[in-house]
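Dear colleague,

I am handing over the structure that I have been working through, and I would be glad if you kept it open while you read my notes below.

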Amino acid sequence: MAEKSLFAKEEAVIEAGRNVLENGRLREAEDRDAFESLLTNYQKLLKTTRRLMRLSDRNERKLNEMAEEQRLAAEEISRKNKELETLSNKLAKYLSPQVYSSIFEGKQEVALASKRKKLTVFFSDIVGFTETTDKMESEDLTQLLNQYLTEMSQIAFDHGATIDKYIGDAIMVFFGDPESRGVREDALACVSMAIAMRDRIKELAVSWRQAGFEKPLTCRIGIHTGYCTVGNFGSEDRMDYTIIGGSVNLASRLEHEADHGGILISYETYAHVKEDINCEPAGQIQVKGLAYPITTYRVIDQYESLSATQQTLNKRLLQEICEQLAAEINAVVSIFAQRGEIIASSVAERIGKFHEGGAQVMAGEADVYEATADDAAESEGMMEGVTLPIEFDGQRVFCVAVAAPLDIARQYGRIAQHWVLSHLKEAKRRTSS
Amino acid sequence: MEKLEIKATNRTPEVSFDFDNNHLKISGESYPEDVTEFYDPIFEALDEYLGNLGNSNCRFDFELIYFNSSSAKAIMMLMDKLDEAAEGGGAVEVYWYYDAEDDTMEELGEEFGEDLDHAKFHLEKMED
């Protein structure tokens with residue numbers, strides 16, 4: 001509606017007012033002046049109203065323009081956000097997921113800064129990789145290496161590792177930062193990850209052989225738990241989130257010392273995992289820069305994986321062995337599993353209890369444990385006698401204990417060891433056939 | 001007379017009435033939730049000042065970026081008061097500053113200026 005017609009009524013009022021004045025219908029000068037003043041103010045009021053309406057219309061147009069600009073800006077922001085998301089997803093592949101999340105969630109500052117923290121550090125590399133690379137076409141090598149690193153990274157990710165870096169065929173990861181489940185749990189997660197990697201490489205070796213790779217890859221793994229300096233190192237423009245320190249060097253050195261396909265861990269790591277991981281002593285090594293020798297352990301497997309063997313030889317069989325042997329040699333015979341748990345015994349009430357000597361032998365800390373009459377007198381539940389390991393399929397699966405005066409127990413201990421072992425072998429043969 | 005200073009908010013303009021130096025200024029954006037509540041103290045102070053102006057000089061600067069219809073009515077009242085003071089003998093000068101890229105504010109300045117019969121009106125571009 002045009003403004004003119006919008007105010008037609010007001011215009012008509014003004015017109016009528018003017019007519020009143022012009023026609024001289026108001027005879028009294030006082031009345032005429034008052035009417036004229038009223039008309040002038042009415043005209044002014046109409047002018048103000050018109051101006052306010054124009055301003056209101058202008059503002060409305062401006063608001064619409066701004067709303068349109070805002071809509072376009074929101075579209076642009078949304079497009080930019082998508083671009084950034086795509087870009088950050090690409091960048092994320094260059095960072096460990098934990099490091100990426102802690103930066104993006106604002107928990108971690110992107111600045112040159114570091115802190116001391118107890119971490120479990122892992123190094124692995126492919127045995128004879130340089131030699132392998134010389135013999136392979138680069139396309140095959142790329143495929144092999146990428147498959148290997150992808151598989152290993154997935155296992156590392158599943159175990160919560162922070163992947164520090166790949167150095168060619170070598171992998172460096174650590175546990176305990178930016179997230180930690182506690183030093184013991186971190187160490188256990190790291191060794192469990194190493195076992196999973198070792199097992200997966202064995203599976204991959206079969207497919208690699210089938211794919212025509214003459215010498216499939218085997219790896220060496222070294223693990224150490226100790227204080228490291230963790231943080232951002234480099235320059236303000238280009239930094240790496242990594243760890244440094246003697247513990248890192250020691251883990252690397254353990255990796256160099258490991259057997260082909262083996263996992264070598266330091267005593268510090270062993271101390272945290274020995275309850276859950278079966279390890280055996282692997283001697284001491286000298287490390288450059290360290291005044292003292294490092295005690296090392298070779299990782300065999302998770303205890304729970306060993307139970308497969310044990311389960312085939314059920315407790316009833318072990319109980320029969322104990323009872324028969326006890327009757328033959330006239331002594332108390334018991335069999336211990338992990339952590340020294342008594343799982344069979346010629347004295348039924350001992351079953352379910354834990355034996356300190358058995359725990360030491362099972363953990364690989366000793367190859368024989370002897371308890372004297374004095375030891376037995378001092379410790380409740382302990383009996384004079386010997387405890388010996390039962391090694392089966394290359395693993396320490398049980399211990400057998402003969403409780404008798406030491407001189408007799410020593411003689412019968414070896415016989416009991418052979419007796420149990422031969423029964424286990426026979427049981428396994430029957431199970432597999 | 002004591003200065004009247006009101007700081008700007010995101011809905012109301014800055015008010016700086018330096019009565020002793022006869023320099024009054026209102027700047028920024030004006031779309032208060034309650035226009036009467038905001039402008040009443042301003043009118044009151046201005047009435048007191050202009051009532052005593054006599055033949056003295058007075059300069060009033062409008063430096064507005066945006067205002068709504070209610071504020072426009074308040075501005076017209078300010079203009080009326082200034083024009084009346086000029087009619088009463090005061091040497092009143094009104095400066096209307098507008099952003100060089102804002103045609104609306106320039107046009108509004110022109111319209112408001114036309115209403116002034118006695119005060120001297122200046123339409124000026126804002127300096128960056």
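In chain A, five strands form an open sheet in the order E10-E9-E13-E12-E11, and their pairing is antiparallel; strands here are DSSP runs of E with at least two residues, helices are runs of H or I with at least four, both numbered from the N terminus, and two strands pair if DSSP finds at least two bridges between them. Strand E10 (342-345) and strand E11 (369-371) of chain A stand at the edges with a single partner strand each, so one side of each has no neighbour in the sheet.

Please bear in mind that this is a predicted model, in which local features need pLDDT of at least 70 and side-chain atom pairs count only at pLDDT 80 or more, while totals for chains, interfaces and linings use all residues. Residues are numbered from 1 along each chain as its sequence is written, and chains are lettered from A and ligands numbered from 1 in the order in which they are written.

Within the sheet, strand E9 (residues 332-336) and strand E13 (residues 395-403) of chain A run antiparallel and are joined by five bridges, and A:Phe336 has A:Cys399 in E13(A) as its bridge partner. Chain A as a whole has 14 helices and 13 strands.

Turning to the two chains, eight residues of chain B are in contact with seven residues of chain A, where contact means that the C-beta atoms, placed from the backbone, lie within 7 Å. On the side of chain B that touches chain A, H2(B) gives the largest share, four residues.

With best wishes
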